[in-house]
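User: I would like to learn how to read the features of a protein model, taking the general idea and then the case at hand. Could we work through one together?

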Amino acid sequence: VYKDIADVEAYKRLNLTYADLCTPDWLQRDPEMFFGFWGSCFNDYMQTAPHNGYKLCKHWSDTHFDASTSAAAREESQHDVDA
């Protein structure tokens with residue numbers, strides 16, 4: 001699945017694979033390449049319709065958790081981080 005993400009002519013010309021592009025040193029070596037690759041991944045992700053798993057998680061959240069429980073959990077979690 002992931003190999004298709006890097007199936008771009010510019011990456012092919014440079015003989016780069018998905019695994020090559022996922023290394024964090026691109027940010028220092030070539031920021032334009034880094035942001036181009038990850039920006040493209042982000043845009044693709046944002047333009048993709050959610051699958052049914054998202055609906056299932058929303059249903060569970062709506063039926064098993066109320067807003068006050070979630071807010072209290074976030075506050076407690078933040079308190080632990082600040083301590």
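This is a predicted model: local features need pLDDT of at least 70, side-chain atom pairs count only at pLDDT 80 or more; totals for chains, interfaces and linings use all residues.

User: Which residues form a nonpolar patch on the surface, and how much accessible area do they have together?

Analyst: Residues are numbered from 1 along each chain as its sequence is written, and side-chain values use heavy atoms, with hydrogens and water left out. Patches are made of residues with over 30% relative accessible area and no salt bridge, where like charges are joined within 9 Å and nonpolar side chains (Val, Leu, Ile, Met, Phe, Trp, Tyr) within 5 Å; accessible areas come from the Shrake-Rupley method with a 1.4 Å probe, and for residues only the protein chains shown count as cover. Here the nonpolar patch consists of F42, Y45, M46 and Y54, which together have about 490 Å² of accessible area.

User: Which helix gives the most to the nonpolar patch, and is M46 buried or exposed?

Analyst: Helices (H or I, at least four residues) and strands (E, at least two) are DSSP runs numbered from the N terminus, and α4 gives the most to the patch, with three residues. M46 has its place in that helix, α4. Buried means under 20% relative accessible area, exposed over 50% and partly exposed in between, with a 1.4 Å probe and protein chains only, so M46, with a relative accessible area of 53%, is exposed.

User: How many helices and strands does the chain have, and what share of it is buried?

Analyst: The secondary structure comes to six helices and zero strands, and the elements run α-α-α-α-α-α from the N terminus on. Buried residues make up 11% of the 83 residues in the chain, which exposes about 7,200 Å², with carbon and sulfur atoms supplying 59% of that area.

User: What residues make up the largest nonpolar core?

Analyst: In soluble globular proteins, nonpolar side chains tend to be buried together. A nonpolar core is a set of buried Ala, Val, Leu, Ile, Met, Phe, Trp, Tyr and Cys residues joined through side-chain atoms within 4.5 Å. In this model the largest such core has nine residues, namely A6, Y11, L16, L21, W26, M33, F34, F37 and C41. Helix α4 (residues 31-47) supplies the largest share of this core, four residues. Contact means heavy atoms within 4.5 Å, and, not counting residues up to four places away in sequence, L21 touches A6, Y11, L16, W26, M33, F37 and W38.

User: How many aromatic pairs are there?

Analyst: Rings of Phe, Tyr and Trp (its six-membered ring) pair if their centres lie within 6.5 Å, and planes under 30 degrees apart count as stacked, over 60 as edge-to-face and the rest as tilted. By this rule there are four aromatic pairs. The rings of Y11 and F37 have centres 5.9 Å apart and planes at 70 degrees, so this pair is edge-to-face. Because Y11 lies in helix α1 and F37 in helix α4, the pair ties together parts that are 26 residues apart in sequence. Both Y11 and F37 are buried, and ring pairs link Y11, Y18, F37 and W38 into a cluster.

User: Where are the salt bridges, and how many are there?

Analyst: A salt bridge is a side-chain nitrogen of Lys or Arg within 4 Å of a carboxyl oxygen of Asp or Glu, and by this rule the count comes to three. D7 forms one with K12, the closest N and O atoms being 2.8 Å apart; D7 is partly exposed at 46% relative accessibility, and K12 is partly exposed at 47%. The side chains of D25 and R29 meet in another, at 3.5 Å from N to O. K58 forms a salt bridge with D62 at 2.9 Å between the closest N and O atoms, and both residues lie in helix α5 (residues 52-64), four residues apart, about one turn of the helix.
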